[in-house]
Amino acid sequence: MQRALLLVALFWIYTPVAAQDTVAVGRALANSALNVEIECPENYICLDSWYGWKIRVIETLQGPPISGKIKAAGMQHTDLNQSYFKSLRLFVLRPIVDPEEHARLQADYLLIGTSRVHETFCLPGKPEHYDVELKDTFVTNEGDGHEFCFTGEAVESESEDDV
């Protein structure tokens, strides 16, 4: 019994610890394809590639703190539209702890994911007061009164052909 506990303890001590992810607010500064080979299974068409990111981290929301300009690597299908660089985003970043992977990707972090941007509109009174039908509104208490807010998706037409 003691041997089994000792083996479990040794295994636990020598098992590599997974790096903890960080969720941070920031802005993408640059994004370009890396000259890194990807593993693509035989008879598959792999359209994603490794891309290098330069990100200015403004604030860490969760996880190990990160600040300033960092380099990250992530898989993506194509280049980013220039409008992507204009918005603040949430980034989920994981430290690259393997020295070989760090050298191969020329980055300190793996980019696990980024947030989409949602446009929000707010009215100074209830939407019904303006004869506006909206779904998914929420109330904020900004300034002197309540504002009734909703995302742009709440007012988009069901068909793009309506325009």
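User: How many salt bridges does the structure hold?

Analyst: This is a predicted model: local features need pLDDT of at least 70, side-chain atom pairs count only at pLDDT 80 or more, and totals for chains, interfaces and linings use all residues. Residues are numbered from 1 along each chain as its sequence is written, and side-chain values use heavy atoms, without hydrogens and water. A salt bridge needs a side-chain nitrogen of Lys or Arg within 4 Å of a carboxyl oxygen of Asp or Glu. The number of salt bridges in the structure is two.

User: How many residues apart in sequence are the parts that Asp-21 and Arg-94 tie together?

Analyst: The side chains of Asp-21 and Arg-94 form a salt bridge at 2.6 Å, N to O. Asp-21 sits in the loop between α1 (2-14) and β1, and Arg-94 in strand β4 (residues 89-95), so the tied parts are apart in sequence by 73 residues.

User: Which helix holds both Glu-101 and Arg-104?

Analyst: Their side chains meet in a salt bridge at 3.1 Å, N to O. Helices are DSSP runs (H or I, at least four residues), as are strands (E, at least two), numbered from the N terminus. Glu-101 and Arg-104 are three residues apart, about one turn, in helix α2.

User: Is Thr-22 buried or exposed?

Analyst: Thr-22 lies in strand β1 (residues 22-33). Buried means under 20% relative accessible area, exposed over 50%, partly exposed in between (1.4 Å probe, protein chains only). At a relative accessible area of 1%, Thr-22 is therefore buried.
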